[in-house]
Amino acid sequence: MYKKLLASLFAFLCIGLLSNVYAQVQIGATSYTTLKAAFDAINAGTHTGAITIQITGNSTETATAVLNKSGTGSASYTSVTLYPTGTYTISANTTDGVIELKNAANITIDGRINQTGTTNGLTLQSTNTSGSPVIWMDSTTTSGTGPKDITIRNC
């Protein structure tokens, strides 16, 4: 009986540890493997209010990380701040870029490690050879409510 209990406990611990090994992006206590997954959660309304995203490792995006404007669908935030906790790279090989801010507002991408000092800790890199953007500020509206209050520094 103890063997089965120990085996179950060991399996549970291994699964728990492995599930966090690949987490590169953190919003509060929730971990994501890519920035796109974190943005998708924000767009789905999983995270609301003033949102802080910590980049905790290198990430290779398989698709553009799109952040929609608050109020679009279930997205409901007052601000989004993104920063690295060390020296990391977020890269993507997509024609639409690494990050797309779709009419988003009150967004800060701060490349400084833990938002202090002047050391650049975050590299945003497009590996697409056709010249795709790294950050695309997309305005899909004609009402004048496109992207605004966007700060990008030390990247």
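Three strands, in the order 5-8-11, make up an open sheet with parallel pairing. Strands here are DSSP runs of E with at least two residues, helices are runs of H or I with at least four, and both are numbered from the N terminus; two strands pair if DSSP finds at least two bridges between them. Strand 5 (65–68) and strand 11 (135–138) stand at the edges with a single partner strand each, so one side of each has no neighbour in the sheet. On average, neighbouring strands of this sheet are turned by 15° against each other, direction ignored.

A word on what you are looking at: this is a predicted model, in which local features need pLDDT of at least 70 and side-chain atom pairs count only at pLDDT 80 or more, while totals for chains, interfaces and linings use all residues. Residues are numbered from 1 along each chain as its sequence is written, and side-chain values use heavy atoms, with hydrogens and water left out.

Back in the sheet, strand 8 (residues 99–102) is joined to strand 11 by four bridges, and the two run parallel. You can find one of these pairings at Leu 101, whose bridge partner in strand 11 is Met 137. Helix 2 (residues 35–43) lies across strand 5 and strand 8, at about 20° to strand 5. Such angles run from 0 to 180 degrees between N-to-C directions, with axes taken as lines fitted to C-alpha atoms, for helices over the stretch in contact.

Helix 2 also leads us inside. Its buried residues are Leu 35, Ala 38, Phe 39, Ala 41, Ile 42 and Asn 43, where buried means under 20% relative accessible area, exposed over 50%, and partly exposed in between (1.4 Å probe, protein chains only). The largest nonpolar core has 28 residues, and Leu 35, Ile 53, Ile 55 and Tyr 77 have the most contacts inside it. Helix 2 supplies the largest share of this core, five residues. A nonpolar core is a set of buried Ala, Val, Leu, Ile, Met, Phe, Trp, Tyr and Cys residues joined through side-chain atoms within 4.5 Å. In soluble globular proteins, nonpolar side chains tend to be buried together. Leaving aside neighbours within four places in sequence, the contacts of Ile 55 include Leu 35, Tyr 88 and Leu 122; contact means heavy atoms within 4.5 Å.

Strand 7 (residues 88–92) is mostly covered, with four of its five residues buried. Strand 7 also pairs with strand 4 (residues 59–61) in the parallel sense, over three bridges; there, Thr 60 has Ser 91 as its bridge partner in strand 7.

Now for the charged side chains. The whole structure holds three salt bridges, each a side-chain nitrogen of Lys or Arg within 4 Å of a carboxyl oxygen of Asp or Glu. One of them links Asp 40 and Lys 36 (2.7 Å, N to O). These two are four residues apart in helix 2, so about one helical turn separates them. Asp 40 is partly exposed at 34% relative accessible area, and Lys 36 is partly exposed at 25%.

Asp 110, in strand 9 (residues 105–110), sits in quite another setting: at 0% relative accessibility, Asp 110 counts as buried. Asp 110 forms a salt bridge with Arg 112, the closest N and O atoms being 2.7 Å apart, and Arg 112 is itself buried, with a relative accessible area of 17%. A further salt bridge joins Asp 110 to Arg 153, with closest N and O atoms 3.2 Å apart. Since Arg 153 lies in strand 12 (residues 148–153), this pair ties together parts that are 43 residues apart in sequence. Through shared partners, Asp 110, Arg 112 and Arg 153 form one network of salt bridges.

Most residues other than glycine have a negative phi.
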